[in-house]
Amino acid sequence: MTKYKNKTYPLRIDNILQEKIKYIADLNDRPVSKQYERIIREYIERYEQEKGEIIIDTRGTDI
């Protein structure tokens, strides 16, 4: 049995938003979870372009 390397996070989302994300994911032929990941990555990229790179200290962590 392999261990999933990324952490999971339970997320409560309004039903309408969830359906819209599902619609977009279907259009892009990707799973909903990957659509959420893409949205988050795009948000972080825009944030870092505006505010600067976020530096994460990964010493001593599982990252």
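**Stop 1: Asp29**

Select Asp29, which counts as exposed at 73% relative accessibility. The cut-off for exposed is over 50%. This is a predicted model. Asp29 sits in the loop between H1 and H2. Now check its backbone: phi is near 55°, a positive value in a residue that is not glycine.

**Stop 2: the whole chain**

Zoom out and colour by secondary structure. The protein has 2 helices and 0 strands. Of the 63 residues in the protein, 6% are buried.

**Stop 3: the helix pair**

Select residues 15-27 for helix H1 and residues 32-51 for helix H2. Two packed helices are described by the angle between their axes and by the distance between those axes. What are the angle and the distance between the axes of H1 and H2? The angle is about 95°, and the axes lie 9 Å apart. That makes H1 roughly perpendicular to H2, because angles from 65 to 115 degrees fall in that class.

Next, show side chains where the helices meet. On the H1 side, pick Gln18, Ile21, Lys22, Ile24 and Ala25. On the H2 side, pick Val32, Gln35, Tyr36 and Ile39. By class, this contact has 6 nonpolar, 2 polar and 1 charged residues. The next two stops take Gln35 and Gln18 from this set.

**Stop 4: Gln35**

Centre on Gln35, in helix H2. Is Gln35 buried or exposed? Its relative accessible area is 5%, so Gln35 is buried; the limit for that label is under 20%.

Display its surroundings. Setting aside residues up to four places away in sequence, Gln35 touches Ile21, Ile24, Ala25, Asn28 and Arg30. Ile21, Ile24 and Ala25 are among the H1 residues that meet H2. Where Arg30 is concerned, look at the side chains: a polar contact of 2.9 Å joins Gln35 and Arg30.

**Stop 5: Gln18**

Move across to Gln18, in helix H1. Gln18 has a relative accessible area of 27%, so it is partly exposed. Which residues does Gln18 contact, leaving aside its neighbours within four places in sequence? They are Ile13, Val32 and Tyr36. Val32 and Tyr36 belong to the H2 side of the helix contact.

Finish with a distance label.

Terms used. Residues are numbered from 1 along each chain as its sequence is written. This is a predicted model: local features need pLDDT of at least 70, side-chain atom pairs count only at pLDDT 80 or more; totals for chains, interfaces and linings use all residues. Side-chain values use heavy atoms; hydrogens and water are left out. Axes are lines fitted to C-alpha atoms, for helices over the stretch in contact, and angles run from 0 to 180 degrees between N-to-C directions. Helices (H or I, at least four residues) and strands (E, at least two) are DSSP runs, numbered from the N terminus. Angles under 35 degrees count as roughly parallel, over 145 as roughly antiparallel, 65 to 115 as roughly perpendicular and the rest as oblique. Contact means heavy atoms within 4.5 Å. Ala, Val, Leu, Ile, Met, Phe, Trp, Tyr, Cys and Pro count as nonpolar, Asp, Glu, Lys and Arg as charged, and the others, Gly among them, as polar. Buried means under 20% relative accessible area, exposed over 50%, partly exposed in between (1.4 Å probe, protein chains only). A polar contact is a pair of N or O atoms within 3.5 Å; within protein, one must be able to donate a hydrogen and the other to accept it, and residues adjacent in sequence count only if both atoms are side-chain atoms.
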